[in-house]
Amino acid sequence: MVTTIDDLVERARDGIHRPRAEEAYRAQRDGALLVDIRPAAQRAAEGEIPDALIIERNVLEWRLDPTGSHRIPEATGYDLAVIVLCSEGYASSLAAASLRELGLHRATDLDGGFVGWAAAGLPTTPGSR
C-alpha cells in the first residue's frame, strides 16, 4: 500500500484542533509559543510575525525536545503550548505531529499558516526582499 502526502497530512490533523489566525494570536498573547518554521528565503519574501520564534524545520525537534541537549530555553516541558506555522499550513501540520510524537501533546499548527495570518489583518513585519 502506498501512502501519499495528502494521507500523511490528513493523519497528522486527525483529531487535532488547529487554531485559525485570531485564536493563535490570542494564544500567543497568553503565552503559547508561535513557532515559524519557514526557511529564511520564504520569510524574506512573505514577511514575519512579530514575536514568533523562528526555528527552521530542519532543527525543530532538536530545539523543542525538553530533554534534548540542543533545546532552546523556551522548551520547558512536555505541557508547552506550541503553535507551528509555515506559509499555508501544510508542512506545519506534519511538524506539529512530529512534536506530538516527542511528547509535546499540546503541539498544533496554524490553520492557513502565515498567509491566513496576514489575510486576517494581524500584525506582520515586511520581509527583507
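The buried residues of helix 5 are S92, S93, A95, A96, A97, S98, L99 and R100, where buried denotes a relative accessible area under 20%, exposed over 50% and partly exposed in between (1.4 Å probe, protein chains only). The model is a predicted one, in which local features need pLDDT of at least 70 and side-chain atom pairs count only at pLDDT 80 or more, while totals for chains, interfaces and linings use all residues. Residues are numbered from 1 along each chain as its sequence is written, and side-chain values use heavy atoms, with hydrogens and water left out.

Helices (H or I, at least four residues) and strands (E, at least two) are DSSP runs numbered from the N terminus. Helix 5 is mostly covered, with eight of its 11 residues buried. These buried residues pack against helix 1 (5-13), helix 4 (60-64), strand 3 and strand 4, contact being defined as heavy atoms within 4.5 Å. Helix 5 (residues 91-101) lies across strand 3 and strand 4 and runs at about 150° to strand 3; axes are lines fitted to C-alpha atoms, for helices over the stretch in contact, and angles run from 0 to 180 degrees between N-to-C directions. Just after helix 5, G103 takes a positive phi of about 110°.

Four strands form an open sheet in the order 2-1-3-4, with parallel pairing. Strand 2 (53-54) and strand 4 (108-109) are at the edges with a single partner strand each, so one side of each has no neighbour in the sheet. Pairing requires at least two DSSP bridges between two strands. Strand 3 (residues 82-85) and strand 4 run parallel and are joined by two bridges; V84 has D109 of strand 4 as its bridge partner.

D109 is buried, at a relative accessible area of 2%. Leaving aside neighbours within four places in sequence, the contacts of D109 include R18, I83, V84, S92, S93 and A96. The side chains of D109 and R18 make a polar contact (2.9 Å), a term for a pair of N or O atoms within 3.5 Å; within protein, one must be able to donate a hydrogen and the other to accept it, and residues adjacent in sequence count only if both atoms are side-chain atoms.

The charged end of R38 sits over the ring of F114, 4.3 Å from its centre; the criterion is NZ of Lys or CZ of Arg within 6 Å of the ring centre and within 35 degrees of the ring normal.
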